[in-house]
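Thanks, everyone. Have a look at the model.

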Amino acid sequence: MLELGLKTLLSYLLGSLMGGLIVGRVRGGVDIRSAGSGNVGGTNALRTHGKVFAFWVVFIDVTKGVLAAGVVPQLPIPGVGLDPAVHRDWLVAACATAGVFGHVYPVWHEFRGGKGAATLVGTLLGIQPVLLLPVLLVWLAVVMLSGYVGLATMCASVSLPVYLCATESPPPLALTSFGIVMAVFVIYTHRSNIGRMLRHDEPRAGRLWLLRR
């Protein structure tokens, strides 16, 4: 259990490195949380600081997800051997979950983070890149039909466990459990978007929205 605990903690600390705040500091001390929606993720970065700023924010946030899910579970820790009592699939799921939680509640930045979407994408790349296909297709379809990026992100997260249950029999327990937890968590982190959509205050992605008037 020591291996599980240490690697989960390491993944959380890795997830706590916020791309938006790192890029902001490199750009002269910009705090992205003081602009736009106040969110530290890529969407707010794009709306408030442009494409180049947003690219590096997303790159960092996705990369740490890849590392948390794809590298940390295999990482040898000096003095800590592989625990035969810990199934490798559950270790990957635990590290991936910790990475996303670290992004949303970063210990390095007063527990004020993003909404988890970019880091979740990174974890899927680290686990099985093919899982990104249905997720991205659902995201693109919803954003093109509704214009709401937040709604598309929530629907895309729900599509992961649905896809696993529909294509594999029986579905992989650890990965499906991870997908369900992430879907619920992403919807929770987007609760402010849900409120704005209900009030018709949520901005839409005009360039992708096919049904705009």
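Cys-155 is partly exposed, at 30% relative accessibility. This is a predicted model, so keep that in mind throughout. Where is the closest cysteine sulfur to that of Cys-155? It is in Cys-165, 17 Å away, too far for a bond. A disulfide here needs two cysteine sulfur atoms within 2.5 Å. Cys-95 is another case: that residue is buried, with a relative accessible area of 0%. And the search of the whole structure? It finds 0 disulfides.

Next, helix H2, residues 19-26. Which of its residues are buried? Gly-19, Gly-20, Leu-21, Val-23 and Gly-24. What do they pack against? Helix H4, residues 51-70. After H2 comes Gly-28, and its phi is positive, near 105°.

Now the cores. In soluble globular proteins, nonpolar side chains tend to be buried together. The largest nonpolar core here has 21 residues. Leu-120, Leu-124, Leu-131, Leu-160, Phe-178 and Met-182 touch the most other members. Helices H5 (88-104), H6 (117-127), H7 (132-146), H8 (149-167) and H9 (173-189) each give two or more residues to this core. Which helix gives the most? H9, with 5 residues.

Zoom in on Phe-178. Set aside its neighbours within four places in sequence. Phe-178 is then in contact with Ala-93, Ala-96, Thr-97, Leu-120, Thr-123, Leu-124 and Ile-127.

There is also a second, separate core, of 9 residues. Among them are Met-18, Ile-32, Phe-53 and Ala-54.

Conventions:
Residues are numbered from 1 along each chain as its sequence is written. This is a predicted model: local features need pLDDT of at least 70, side-chain atom pairs count only at pLDDT 80 or more; totals for chains, interfaces and linings use all residues. Side-chain values use heavy atoms; hydrogens and water are left out. A nonpolar core is a set of buried Ala, Val, Leu, Ile, Met, Phe, Trp, Tyr and Cys residues joined through side-chain atoms within 4.5 Å. Buried means under 20% relative accessible area, exposed over 50%, partly exposed in between (1.4 Å probe, protein chains only). Helices (H or I, at least four residues) and strands (E, at least two) are DSSP runs, numbered from the N terminus. Contact means heavy atoms within 4.5 Å.
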